Amino acid sequence: MLSEMLETNVVRWTSKITGNARRGLIDQALACFLQMRHAGIEPNAITYSVTISVCAKSARSSLATSLHCLILKKGFSNQLFVSSGLISMYSKHDCIKEARLVFDGMPERDDAAWNSMIAGYSQRGLNEEACGLLCSMINSRENCKLLVKDFTLATVLKACGGLGCSRIGKCVHGYAVKIGFDSDLFVSASTIHMYCKCGILDLARRVFDQIENKDIVAWNTMITGYAQNCCEEEAIELFYQMELEGFKPNDTTFCCVLNASTSMSDSAVGRCFHAKVLKLGCSMDVFVATALVDMYSKFYDIEDVERGFGEMSKRNLVSFNALITGYSLRGKYEQALRVYSQLQSEGMEPDSFTFVGLFSAFSVYGTVVEGAQVHVHAIKFGLDSDISVGNSIVNLYSKCGLSDSALEAFESINGPNSVCWAGIISGFAQNGEGEKALVQFCEMHKLFDKTDEFSSSSVIKAVSSWVVVEQGRHLHAYVMKSGLDCTIYVGSALIDMYSKCGMVEDAWKVFSVMPEKNAVSWNSMITGYAQNGFCKEALLLFQEMTSSGILPTAVTFVGILFACSHAGLVEEGRNFYNLMVNYYGIPASMEHCTCIVDLLGRAGYLEEAEAFLLNSSFSKEPGIWGSLLSACGIHKNSDVGSRAAQHCLFLDPHGSSSYTNLSNMYASKELWSEASRIRALMKEMGVEKEPGCSWIETLRFGVQ
């Protein structure tokens with residue numbers, strides 16, 4: 001009679017704990033368990049199992065350890081369902097080692113224990129361990145008794161996708177087919193996800209097409225897979241097919257297709273999806289609204305970005321980051337800073353994406369003062385050591401010419417990867433500090449067995465600006481040994497390096513053996529020919545470039561016009577300029593105008609050169625007027641020369657070359673009083689002629 005009463009009390013207390021747990025009253029459920037023990041009622045295995053599940057939902061991980069100790073003390077640890085619960089509880093508290101100790105200590109394991117342990121590994125991102133444990137489960141002696149659940153297969157397939165391991169994934173897929181889970185929607189969706197993550201879209205689509213009764217999850221998984229593998233058109237096409245088959249897209253679907261629409265040539269497709277979002281009432285979802293902001297940002301539609309952000313009823317950090325990124329793409333750093341302030345005023349803490357967006361905005365216009373202030377904030381939040389944030393800070397300081405600050409930011413990065421090293425090397429190269437770039441490259445080489453093509457191309461560019469042949473040859477030998485010499489970026493950098501050192505034959509050898517060439521490669525070789533006086537070869541290479549289907553760029557025409565100028569090919573130069581502007585639709589830059597003025601000036605067409613410059617968009621550039629003035633000096637044309645000099649002195653009154661060229665021109669025509677007047681004016685303005693300098697490379701003493 002007494003035992004029946006005690007049993008009744010245990011059942012009643014257990015039911016009370018279960019009731020509180022089902023209503024989400026975790027603290028009350030745990031309090032019931034403690035009250036039960038204080039009342040002298042001993043919990044049974046079911047009570048402990050229920051309490052374990054309650055404890056798994058609690059944020060207090062110390063309770064898990066205390067409960068486990070009590071279970072060991074009371075002798076319930078050998079109960080299979082209790083041990084399985086402990087594994088699940090420890091996994092949810094991120095105590096995966098403790099979960100494995102419980103699992104390994106079980107004398108006998110049922111399918112629940114195996115499934116809980118595999119799920120624990122997968123949920124913590126320990127994909128290799130999850131895959132390995134499933135293999136152990138399948139090969140276990142107990143296999144005849146074990147039942148692999150659909151959830152277990154799904155989590156392991158997800159783990160294979162995370163690892164990018166299609167070999168194991170195919171095995172798991174085959175096993176799923178063998179035990180009859182190939183028709184399970186949950187497993188099928190996970191299989192599609194795995195193949196998409198591994199980049200095997202044809203197998204993913206085959207699994208998708210074989211699903212008889214597809215649900216929205218299967219459609220979303222396949223659409224997402226296409227989008228993530230740069231098959232945006234297929235993703236959008238599948239979206240419309242889904243609608244035709246009567247499925248209603250949800251928030252996840254719209255987030256995916258909005259992201260896919262950013263690869264289109266304009267925002268028309270994205271706007272269509274926006275209309276569908278409004279029609280179906282999904283615009284209130286914070287993730288969809290954020291995807292809209294991000295989509296319009298990619299198309300530089302700032303008004304729509306601001307409108308979309310303003311209409312959001314609820315915002316999160318991702319929403320603010322999307323708006324900051326939108327402003328940064330347009331270089332609107334002031335607006336980005338205002339959003340950053342608003343983010344903080346709403347009680348949110350910035351993350352690495354916030355700072356990357358801000359530093360990108362500062363980099364567009366080189367606003368170093370504001371950038372340095374935000375750098376202090378990044379330090380305050382402990383994010384300056386983050387790889388992506390640190391890299392963006394290095395990029396900002398490098399673009400502003402502050403190489404020392406860039407190096408300090410680089411040294412603050414926690415475990416810089418090859419991208420970070422390439423960034424600091426490129427920064428030194430951009431600022432003409434080839435020796436420092438070479439030092440950093442050597443330091444990188446000590447840490448990495450093999451450098452990548454970006455860091456290698458950056459240091460080669462640095463050496464080419466330094467014009468040191470011997471160092472360049474050493475680097476060429478290194479990239480050949482590393483197998484990088486045939487890559488596009490390294491090959492183009494080697495061509496540029498040899499060309500600047502006057503070694504055109506070596507540049508051509510590199511160019512000719514490149515298995516793949518892009519516009520940069522062709523431009524490097526054409527410019528190399530032009531700068532070294534091989535004008536005929538440059539023009540022939542241009543014809544070969546266009547014949548091979550490569551579209552010329554603005555840089556291509558700079559090289560071609562430079563070649564025409566130095567070869568005296570006036571008519572050809574005019575034709576190439578018209579071809580660039582009228583046929584290829586490339587707007588003329590300052591470099592193009594300089595080449596045309598130089599071309600006409602060298603040939604003696606000084607009035608035409610003057611008229612061309614006055615009608616161009618660069619009539620306020622003193623450098624181009626200086627080029628015309630130099631040509632006037634060569635041809636002793638004081639009329640055009642005087643007018644060119646007036647422009648030079650007005651636009652750059654402290655430039656010594658204008659005074660010198662004008663004085664020399666007057667002297668060549670024996671206008672001594674005018675020459676003396678210009679010299680006196682130069683002295684009166686306090687302008688001093690800078691002495692020239694040069695260096696040579698010797699085998700014994702290096703650069704002198």
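Close-up 1. Glu-571 and Arg-574 are separated by about one helical turn because they are three residues apart in helix H34 (residues 570-583); helices are DSSP runs (H or I, at least four residues), numbered from the N terminus, as are strands (E, at least two). Residues are numbered from 1 along each chain as its sequence is written. Because the model is predicted, local features need pLDDT of at least 70 and side-chain atom pairs count only at pLDDT 80 or more, whereas totals for chains, interfaces and linings use all residues, and side-chain values use heavy atoms, with hydrogens and water left out.

**Close-up 2. The salt bridge between Lys-500 and Asp-496 in helix H29.** The side chains of Lys-500 and Asp-496 meet at 3.5 Å, N to O, and both residues lie in helix H29 (residues 488-500), four residues apart. Lys-500 is partly exposed, with a relative accessible area of 40%, and Asp-496 is partly exposed as well, at 21%.

**Close-up 3. Helix H17 and its packing partners.** H17 has 13 residues and reaches 18 Å from its first C-alpha to its last, close to the 18 Å expected at 1.5 Å a residue, the expected span being 1.5 Å times one less than the number of residues. This helix is mostly covered, with 10 of its 13 residues buried, among them Val-288, Leu-292 and Tyr-296. Its buried residues pack against helix H15 (251-260), H16, helix H18 (302-310) and helix H19 (317-329), and H17 is followed by Tyr-300, whose phi is positive, near 60 degrees.

**Close-up 4. Cys-282 in the loop between helices H16 and H17.** Cys-282 lies between helix H16 (268-280) and helix H17 (286-298), and counts as buried at 9% relative accessibility. Leaving aside residues up to four places away in sequence, Cys-282 touches Asp-251, Phe-254, Val-277 and Val-288, where contact means heavy atoms within 4.5 Å.

How values were computed: Buried means under 20% relative accessible area, exposed over 50%, partly exposed in between (1.4 Å probe, protein chains only). A salt bridge is a side-chain nitrogen of Lys or Arg within 4 Å of a carboxyl oxygen of Asp or Glu.
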